[in-house]
Amino acid sequence: MRFFIDTADLDQIKEAHDLGVLDGVTTNPSLMAKAGITGAKNIEDHYKKIASIVEGDVSAEVIATDYAGIVAEGEYLADLAPNIVVKVPMIREGIKAISHFSGKGIKTNCTLVFSAGQAILAAKAGATYISPFVGRVDDINWDGIGLIEEIAELYAIQMYDTEILAASIRNARHIVQAAKAGADIATCPLHTILGLLKHPLTDIGLAKFLEDYNKGNA
Ligand code: E4P
């Protein structure tokens with residue numbers, strides 16, 4: 001399973017990149033605003049900066065919700081850098097636009113996916129990635145990881161090429177479960193990726209090894 005970082009914060013993107021485990025970046029309008037990036041020109045410049053830090057795919061989300069607007073904005077975003085992927089919401093006009101982008105060889109990430117039916121439609125339209133929101137499904141007391149499992153099973157049966165990008169990941173356990181459930185990628189905040197490092201027995205074990213080594217050198 002590949003790792004994308006789910007942020008627009010350049011320092012966090014660089015930190016994850018320096019760790020050597022980063023395969024791409026996802027953003028959304030809320031993450032841009034959280035990083036203090038507002039206004040179309042600033043957002044565009046920011047996408048270029050992000051795309052220059054990582055070699056992998058960088059999802060840039062369209063704001064338009066009508067077909068012509070999504071196509072115009074998506075083609076513009078795709079031209080900003082070779083690794084930009086156009087992130088399109090799971091709406092009727094979005095599906096039409098994904099089909100258009102697919103025909104032109106422009107990579108897409110269909111976002112705001114909450115059901116297996118939506119995942120089928122996005123795959124049929126030729127989406128490169130779909131983003132089921134695991135955490136937000138859990139938030140309404142449904143089963144976010146169960147959704148990943150169901151989509152992975154039906155994509156395998158139907159032999160769809162669309163990749164499952166598990167999004168709205170809230171903790172390290174979600175990453176492990178998404179990997180088991182068949183997600184191709186997990187996009188996570190930096191603290192969640194770093195959460196994979198943590199185990200109290202690792203800390204206790206290392207402290208003991210260092211203590212014993214230093215006894216020998218005393
Ligand atoms: C990424 O593509 C999604 O926009 C993001 O993971 C949503 O996460 P949230 O539910 O924590 O806002």
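The model you are looking at is predicted, so local features need pLDDT of at least 70 and side-chain atom pairs count only at pLDDT 80 or more, while totals for chains, interfaces and linings use all residues. Residues are numbered from 1 along each chain as its sequence is written, and side-chain values use heavy atoms, leaving out hydrogens and water.

Let us stay with Asn 28 for a moment. Asn 28 sits in the loop between β2 (24–26) and α2 (29–34). Helices (H or I, at least four residues) and strands (E, at least two) are DSSP runs, numbered from the N terminus. A polar atom of the Asn 28 side chain lies 3.0 Å from the backbone nitrogen of Ser 30. This is a polar contact, meaning a pair of N or O atoms within 3.5 Å; within protein, one must be able to donate a hydrogen and the other to accept it, and residues adjacent in sequence count only if both atoms are side-chain atoms. Leaving aside residues up to four places away in sequence, Asn 28 touches Glu 61 and Lys 87, where contact means heavy atoms within 4.5 Å.

### Around the ligand

| Residue | Distance from a polar side-chain atom to a ligand oxygen atom |
|---|---|
| Asp 6 | 2.5 Å |
| Arg 136 | 2.6 Å |
| Arg 170 | 3.0 Å |

On its own, the ligand has 340 Å² of accessible area, and the protein covers 84% of that. Accessible areas come from the Shrake-Rupley method with a 1.4 Å probe; for residues, only the protein chains shown count as cover.

### Two positive phi angles

Ser 168 is found in the loop between β7 and α9 (172–181) and is buried, with a relative accessible area of 10%. Met 159, also a residue other than glycine, has a positive phi near 55 degrees. Met 159 belongs to the loop between α8 (144–158) and β7 (163–166), but Met 159 is exposed, at 69% relative accessible area.

### The chain as a whole

Stepping back, the protein chain has eleven helices and eight strands. Its C-alpha atoms fill a box of roughly 75 × 40 × 30 Å along the principal axes. Of the 218 residues, 47% are buried. The chain exposes about 11,200 Å², with carbon and sulfur atoms supplying 56% of it.

Key: Buried means under 20% relative accessible area, exposed over 50%, partly exposed in between (1.4 Å probe, protein chains only).
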